[in-house]
Amino acid sequence: MRIGELSRRTGVNAHQLRYYEAQGLLEADRGANGYRDYGESAVLRVKQIRHLLGAGLSSEDIAYLLPCAVGEAPELLGCPELLDAMRSRLRRLDDQMDRLAQSRDALADYIDAAERVGYETCPPLDDTDLEPVPA
């Protein structure tokens, strides 16, 4: 099937499909006319890629995991190398979440402090550039 058909059947636009191919996640044969020709298994592969992307995995992670993927969801075979890679990704996500939580808490503290001070002490804003007007 051509890229347009694969796009229609998976709901993934052609640009993304070409990106998956460039990342080594998806394979296509080339016809004599140069058009991409995907096999029926490409539909399943694209669905697997979408699910794994939804789990926060990078295309590099997914390239590593795809040989162990079974089914649309997909189910991943539990080989030790695969589990190590997924645990590493989970640790990175946990670290990012911790940093985001710290940033959120700091921002909430700034908002609370600003609300306690009140609006009366705020210098007037110039509507054109939203910068305080010099006194």
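**A walk through the model**

Let's start at Pro74, which sits in the loop between strand E3 (69–70) and strand E4 (75–76). Strands (E, at least two residues) and helices (H or I, at least four) are DSSP runs, numbered from the N terminus. This is a predicted model, in which local features need pLDDT of at least 70 and side-chain atom pairs count only at pLDDT 80 or more, while totals for chains, interfaces and linings use all residues. Residues are numbered from 1 along each chain as its sequence is written, and side-chain values use heavy atoms, leaving out hydrogens and water.

The peptide bond leading from Ala73 into Pro74 is cis, with omega near -25°. Gly71 also has its place in the loop between E3 and E4. With a relative accessibility of 28%, Gly71 counts as partly exposed, because that label covers values between buried (under 20%) and exposed (over 50%), using a 1.4 Å probe and protein chains only. From the C-alpha atom of Gly71 to that of Glu120 is 61 Å, and the two residues are 49 apart along the chain.

Now turn to the helices. Two packed helices are described by the angle between their axes and the distance between the axes. Helix H1 (residues 3–10) packs against helix H3 (residues 41–54) at an angle of about 50°, and their axes are 10 Å apart. H1 is therefore oblique to H3: angles under 35 degrees count as roughly parallel, over 145 as roughly antiparallel, 65 to 115 as roughly perpendicular, and the rest as oblique.

Finally, find Ile111 in helix H5 (residues 80–117). Ile111 is partly exposed, with a relative accessible area of 41%.

Key
Axes are lines fitted to C-alpha atoms, for helices over the stretch in contact, and angles run from 0 to 180 degrees between N-to-C directions.
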